[in-house]
Structures are given as C-alpha cells and as structure tokens.
Amino acid sequence: MKQAEGGFKLRKPGLEVYVTGFWAATTERDFQIGADGAGRPIMISVVRDYSAKGVELEATAHRGPFNLALGATYVKARIDGDLTDPTLVGNTPRHQPSLLFQARPEYATALFNVGAQLNGLTSSYAQDSNILKQPGYVIVSPYLFVRPLKRVELGLSAYNVFDKLGIVSLAAASIPASGVANAQVLNGRTVTGSLRLEF
C-alpha cells in the first residue's frame with residue numbers, strides 16, 4: 001500500500017478545524033461472494049489495484065452551553081487494474097460513496113444534556129460493475145440525559161428516529177430477473193431508556 005497526506009489546522013478560542021488531503025493506492029488479492037444474473041450467490045476471484053484521493057474535515061465549536069462537532073470526508077476512488085475483469089478498470093469500487101458526513105449538535109448544562117447525532121452518506125454502487133446504485137441516506141439519533149439528583153442520571157435516546165431505510169450493501173450487480181436481491185440494511189428506529197447510579 002502506498003499513501004500520502006497533508007493538511008492544516010486552525011485553532012481559535014471555541015473553534016478547532018482540521019483539514020487533511022490524502023492519496024492512497026493498494027492491491028487486493030482475495031475472493032468475494034457476488035450474485036449472478038438470477039440473483040444466485042457465486043464466488044468471484046479478485047486481483048485488483050485501487051487508488052483513492054480526497055479530503056477530510058473535522059471541526060468543533062463551543063459557545064457557552066452549545067457544542068457542535070462536524071466531520072466530512074470526500075473521496076474519489078477508482079479501480080486502476082483488474083487481472084480477471086479488465087472491463088472494471090476506471091469504475092468506482094462498490095459501496096464507496098463520494099461523501100460521508102456527520103454532525104453532533106449538543107446543549108449541555110449541569111442538569112441535562114440534549115443533542116443529536118447525524119450520520120449520512122451519498123449514493124454508491126452496489127457492485128464494481130457500476131450498474132446498480134444504492135441510495136444515500138441520513139440517520140438522525142437524538143438523545144437526552146437528565147441529572148435530577150446527585151449521582152443519578154436518566155437517559156432517553158433514539159437511534160434512527162425517523163426510521164430511515166439505509167441500505168448498507170446489495171449482493172446483486174443489477175436487478176435480477178426475479179426482481180429480488182439480497183440486501184443488508186441499517187436497524188430501524190430503536191428507542192432506549194437508561195438509569196445510571198454512581199456510588
């Protein structure tokens with residue numbers, strides 16, 4: 001694997017920003033499980049070269065009880081060589097969105113913390129052939145922690161509060177004749193309560 005990176009940082013009272021540019025190249029030699037035109041699982045031999053370049057941003061801001069953390073990564077990745085299937089050269093690797101991002105706004109006091117975690121990404125290709133795309137998504141997960149008594153904390157949090165369908169991976173390179181493809185998805189809305197005691 002070859003890689004290079006460089007960047008800069010900015011620090012001011014209540015604000016920190018880090019920006020990093022990167023380039024990387026690597027070779028893969030293994031087997032992958034894929035699907036044929038009918039959606040049946042098949043084993044695929046992979047001997048492939050990849051490269052990726054992009055930029056990462058990390059930032060935090062504080063003002064009184066308000067806190068904000070931001071992050072984003074922009075990536076331009078490509079398949080540079082493929083011993084078993086040269087038609088894939090120049091394509092984008094599977095499951096590789098061009099943009100991933102997250103944000104965590106929070107209001108924090110001695111009595112309570114309230115905020116949310118937002119995670120998202122843009123669309124990506126289901127397989128290296130770049131035919132079928134998986135849609136991007138944004139997952140919102142709010143939380144509230146209250147400390148009504150010393151050493152007592154009550155919590156309520158919700159993962160994926162809007163019950164967004166987030167497709168992590170599709171096994172098929174295109175919609176099979178059956179119209180059915182295996183998919184891995186994120187969990188739906190999940191609400192959790194907690195009680196924490198310190199002693």
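In this predicted model, the count of aromatic pairs comes to three.

Select Tyr107 and Phe112 to begin. Their rings form a stacked pair, with 5.9 Å from centre to centre and 20° between the planes. The pair counts as stacked because planes under 30 degrees apart are given that name. Tyr107 is partly exposed, because its relative accessibility is 29%. Phe112 is also partly exposed, at 26% relative accessible area.

Next, select Tyr143 and Phe145. These two make a tilted aromatic pair, with a centre-to-centre distance of 5.9 Å and 45° between the planes. Is Tyr143 buried or exposed? Tyr143 is buried, because its relative accessible area is 14% and the cut-off for buried is under 20%. Phe145, at 26% relative accessibility, counts as partly exposed.

Now select Tyr125 and Lys133. Lys133 lies over the face of the Tyr125 ring, 5.2 Å from the ring centre.

For the last stop, select Leu144, in strand S9, which covers residues 137-149. Leu144 is partly exposed, with 33% relative accessibility.

Methods
Residues numbered from 1 in each chain as written. Predicted model: local features only at pLDDT ≥ 70, side-chain atom pairs only at ≥ 80, totals over all residues. Heavy atoms only, no water. Helix = DSSP H or I, 4+ residues; strand = E, 2+ residues; numbered from the N terminus. Buried < 20%, exposed > 50% of the residue type's maximum accessible area, 1.4 Å probe, protein only. Phe/Tyr/Trp six-rings, centres within 6.5 Å; stacked < 30°, edge-to-face > 60°. Lys NZ or Arg CZ within 6 Å of the ring centre and 35° of its normal.
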